Amino acid sequence: MRIWYEQNPIRSDPFTPLVSAMATISAALSISFLPPPTRRAASTTFSPRIIKRAARFWCCAEPPSPEQETPAPPSPPPSSLWGVSTSAWTAGVAGLGLLETGYLSYLKLTGSEAFCPVGGGGCGDVLDSDYSVVFGIPLPLVGMLAYGLVAALSLQENSEELLPGLDDLDIRLTLLLLATSLATASAYFLFILNTKFVGTSCVYCLSSAFISFTLFFIRIKDIGLARIQKFVGLQLAVAVIVALSLTNSYSSATTQLKGTDDFVLEPYKIEITAESTPFAISLAKHLHSIGAKMYGAFWCSHCNDQKQMFGREAMEVLDYVECFPNGAGKGKKMANECAATGLEGFPTWIINGKLLSGDKELSVLAEESGFVSEVPEQS
């Protein structure tokens with residue numbers, strides 16, 4: 001070994017003897033694991049010069065330059081709406097929803113009355129009903145958590161590191177599904193508002209629906225109509241789950257008489273003293289034949305006035321539904337049949353699928369039901 005290095009000096013590289021020695025040892029170890037014939041041939045083939053050159057070539061090899069690496073494909077540009085990124089729009093709109101639901105959550109948890117700028121106390125009736133709670137949790141609180149999550153994800157999408165470990169695709173898909181859930185829930189509650197609270201105005205319900213639908217369309221704009229087709233099935237599945245969950249939560253929801261939490265009113269009957277006219281009896285038979293019903297409450301004075309209009313004999317024919325058969329007040333609930341019709345007050349008539357509130361003159365009921373009688377109405 002000493003003689004070989006003297007014959008092949010490389011003074012420019014002081015580590016050459018060490019590299020050559022390591023290469024020789026590696027080759028010797030490799031040859032030792034070969035069978036004898038192969039080991040002999042290999043030992044005659046390798047020379048120190050070849051080993052040194054191979055080792056020197058390996059040691060002097062340089063990593064590829066950055067220019068030789070394959071460039072990553074460019075990421076798609078962020079979408080915008082009127083010059084503002086969709087993530088900023090989403091965060092702003094979700095912030096409005098967070099403020100509204102935060103205010104309503106405060107009212108619900110403290111038992112305070114809501115300020116209703118439009119519709120008087122109608123919005124308070126909606127906010128205090130059984131439909132303001134889902135699975136025992138106040139609905140505004142659920143909305144506040146949902147809007148808060150949307151706002152946080154939008155800020156994350158806008159380069160604010162709030163939720164580590166999420167990439168851009170995860171955030172955009174999650175925001176799309178959250179917006180779909182909020183829009184589905186808002187559509188469901190609008191249906192409840194128009195069927196269970198007919199004629200009642202709820203500005204908070206409408207504003208929340210506007211915010212939810214706005215978020216939904218912003219996220220659709222962010223994904224794009226061409227790519228949104230890939231997620232339609234997933235959106236439909238989320239919408240069905242939300243609708244079924246709400247339906248299951250409200251399947252046993254009923255309406256309690258407001259303002260009667262501190263007492264119990266036992267049911268009682270008021271005698272109908274008026275005699276029925278032939279016109280009233282004929283009208284009652286006609287209403288019965290077409291399936292018309294009168295919904296009332298035993299404590300309702302207008303219901304008793306309506307009964308007196310028909311008289312004793314006609315009321316025995318007429319289909320009357322008592323909405324509080326077990327009494328009213330604390331712990332007493334409205335009958336399911338009455339709650340399902342979305343009554344606003346008493347009495348309420350349902351004639352040919354049409355809902356009529358308040359006591360009505362017999363002539364009005366005859367006109368609404370299409371009743372024609374040869375017997376004139378007597379005053």
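Predicted model: local features only at pLDDT ≥ 70, side-chain atom pairs only at ≥ 80, totals over all residues.
Figure 1. Ile350 stands opposite Leu355, a residue of β10. Strand β10 covers residues 354–357 and pairs with β9 in the antiparallel sense, over four bridges. Two residues lie between the strands of this hairpin, and Asn352 takes a positive phi near 55°.

**Figure 2. Pairing of β9 with β6.** β9 (residues 348–351) also pairs with strand β6 (residues 293–296), in the antiparallel sense and over three bridges. Within this pairing, Tyr295 has Thr348 of β9 as its bridge partner. In a regular strand, side chains alternate between the two faces of the sheet.

**Figure 3. Surroundings of Gln306.** Gln306 is found in helix α13, which spans residues 301–310. The residue is buried, because its relative accessible area is 0%, and buried means under 20%. Leaving out residues up to four places away in sequence, Gln306 touches Met294, Pro347, Trp349, Gly358, Asp359, Lys360 and Leu365.

**Figure 4. The largest nonpolar core.** This core has 33 residues, of which Leu283, Phe310, Phe346 and Trp349 touch the most other members. Two or more residues each come from α12 (278–289), β6, α13, α14 (312–317), α15 (336–340), β9 and α16 (362–369). The largest share, five residues, is from α12. Leu283 touches Phe310, Leu362, Leu365, Ala366, Ser369 and Phe371, again without counting residues up to four places away in sequence. In soluble globular proteins, nonpolar side chains tend to be buried together.

Figure 5. Ile192 lies in helix α8. With a relative accessible area of 6%, Ile192 is buried. Contacts of Ile192, not counting residues up to four places away in sequence, are with Tyr131 and Phe197. Tyr131 is 61 residues from Ile192 along the chain, and the C-alpha atoms of the two are separated by 8.4 Å.

**Figure 6. The largest pocket.** The volume of the largest pocket is about 930 Å³. It is lined by 41 residues, and the closest to its centre are Leu139, Pro140, Gly143, Phe189 and Ser208. At least two lining residues are supplied by each of α5 (86–110), α6 (122–127), α7 (139–157), α8 (168–196), α9 (203–223) and α11 (232–249). Helix α8 gives the most, nine residues. By class, the lining of this pocket has 26 nonpolar, 11 polar and four charged residues.

Figure 7. One cavity of 30 Å³ or more is found in a search of the whole structure. The largest cavity has a volume of about 40 Å³. Its lining is made of Leu169, Arg172, Leu173, Ile223, Arg227 and Phe231. Helix α8 gives the most to this lining, with three residues. Four of the lining residues are nonpolar, none is polar and two are charged.

Methods. Residues numbered from 1 in each chain as written. Heavy atoms only, no water. 1 Å grid on protein atoms, 1.4 Å probe; cavity = no way out; pocket = protein on both sides within 12 Å on 5 of 7 lines; lining within 4 Å. Points joined across faces, edges and corners; volume = space filled by probe spheres on them. Nonpolar A, V, L, I, M, F, W, Y, C, P; charged D, E, K, R; others polar. Buried < 20%, exposed > 50% of the residue type's maximum accessible area, 1.4 Å probe, protein only. Contact = heavy atoms within 4.5 Å. Pairing = 2+ DSSP bridges. Core = buried A, V, L, I, M, F, W, Y, C linked by side-chain atoms within 4.5 Å.
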